[in-house]
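Subject: Structure for your review

Dear colleague,

Please find below the structure that I am handing over to you.

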Amino acid sequence: MAVRSTFCRRFLAVSVLFGLILQTMDVHARPANMSAAKDKSASNKDENEILPPDHLNGVKMELDGHLNKDFHQEVFLGKDMEEFEEDTEPRRNRKKLIDIFTKVDYNKDESVSAKEMQRWIMEKTEEHFQEATEENKNNFRAVDPDGDGHVTWDEYRVKFLASKGFTEQEVAEKIKNGEDLKLDEETQEVLESLKDRWFQADNNPADQLLNEQEFLSFLHPEHSRGMLQYMVKEIVRDLDQDSNNKLSLSEFISLPVGTVENQQAQDIDDDWVRERKKEFQEVIDANGDGIVTMEELEEYMDPMNEHNALNEARQMIAVADENQNNQLELEEILKYSEYFTGSKLMDYARNVHEEF
């Protein structure tokens, strides 16, 4: 599959920028996906405090243009997602899921409608927003040690290079004197990408400084309409092969999928293409004309879009709605627990009614 050199260069920069750990991925078995490389290592904590995260919770598409495989779990579990990931005891997780069901069932009729699920999705998305806002307070202090309420690009650049092993005082002195920092090509490319993003986050009137709210948008573009638009433009630029600022189906499914060396890998790649085709045709292409505009992609990626939340609610219900009544009962949500939580519950039906 032909891949433009510009895409390759940008993919390299994004991979370095967001700490993609290639060693943990089987590049011959499936396409790269940032959601599969969420790094929770404490050793990277300081660096991650000042770098845009590799993954945005509650956003349907990754920064590299891949679909967010964990999206429905993120908007169903909210900040409790990590609890389910860390707790492998089925009985405890079943009880947690029952508790969630009773909360989603707002009218207490022992079933969940699309409207109830929509409301729940919006609440869980807001949880992710609040969590990012709280974390940003500490992140901003890390780059604003003098506490004056704003950060220059040079101040941020010093902190970034220090997180990469450079001596902070030496870098600051070189920048002050206009000296060459003698950076390797990869680091320089990452810095250029960060600089572009930095100035995009600088709201009008632009003063080349970021305050705490602007720094939040720099780290989390989903918190700002302007930065969300910037994120969409970057994704379209990387996938748009004919430079018309729109995406056709063929462009959307033609991301590089790595080297296919066996039938199993081919099957996985084929599944991946089918998933993207389905998402393009049934969800992203709102007017069904076979072309996705930047406006359509922006609406699709907006985590606070209530219409999207309702569509997602309907899709989630359809997955587990075995009795076809367009609602979810407790037995159904427990049976399909792996879809909703990522955890498979054994003996899901045992004592369901008694526990409920």
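This is a predicted model: local features need pLDDT of at least 70, side-chain atom pairs count only at pLDDT 80 or more; totals for chains, interfaces and linings use all residues.

Residues are numbered from 1 along each chain as its sequence is written, and side-chain values use heavy atoms, with hydrogens and water left out.

Overall fold. The protein has 18 helices and four strands; these are DSSP runs numbered from the N terminus (helices H or I, at least four residues; strands E, at least two). Of its 356 residues, 47% count as buried, that is, under 20% relative accessible area with a 1.4 Å probe and protein chains only.

Helix pair. Helix α5 (residues 90-104) packs against α6 at an angle of about 110°, and their axes are 9 Å apart. Axes are lines fitted to C-alpha atoms over the stretch in contact, and angles run from 0 to 180 degrees between N-to-C directions. The two helices, α5 and α6, are therefore roughly perpendicular, a term for angles of 65 to 115 degrees. I100, K103 and V104 of α5 meet E116, M117 and W120 of α6, where contact means heavy atoms within 4.5 Å.

Cavity. Four cavities of 30 Å³ or more are present. On a 1 Å grid over the protein atoms alone, a cavity is a set of points where a 1.4 Å probe fits but cannot get out, a pocket is an open set with protein on both sides within 12 Å along at least five of seven lines, and lining residues have an atom within 4 Å of a point. The second largest cavity holds about 100 Å³ of space. Of its 15 lining residues, K60, F71, D302, P303 and N308 are the closest to its centre. Helix α6 gives the most to this lining, with three residues.

Pocket. About 550 Å³ of space lies in the second largest pocket. Its lining has 17 residues, and H72, E275, E279, Q315 and Y339 lie nearest the centre. Helix α13 (263-284) is among the elements that supply at least two of the lining residues, and the largest share, six residues, comes from α13.

Yours sincerely

Notes
Grid points are joined across faces, edges and corners, and a volume is the space filled by probe spheres set on the points. Angles under 35 degrees count as roughly parallel, over 145 as roughly antiparallel, 65 to 115 as roughly perpendicular and the rest as oblique. Buried means under 20% relative accessible area, exposed over 50%, partly exposed in between (1.4 Å probe, protein chains only).
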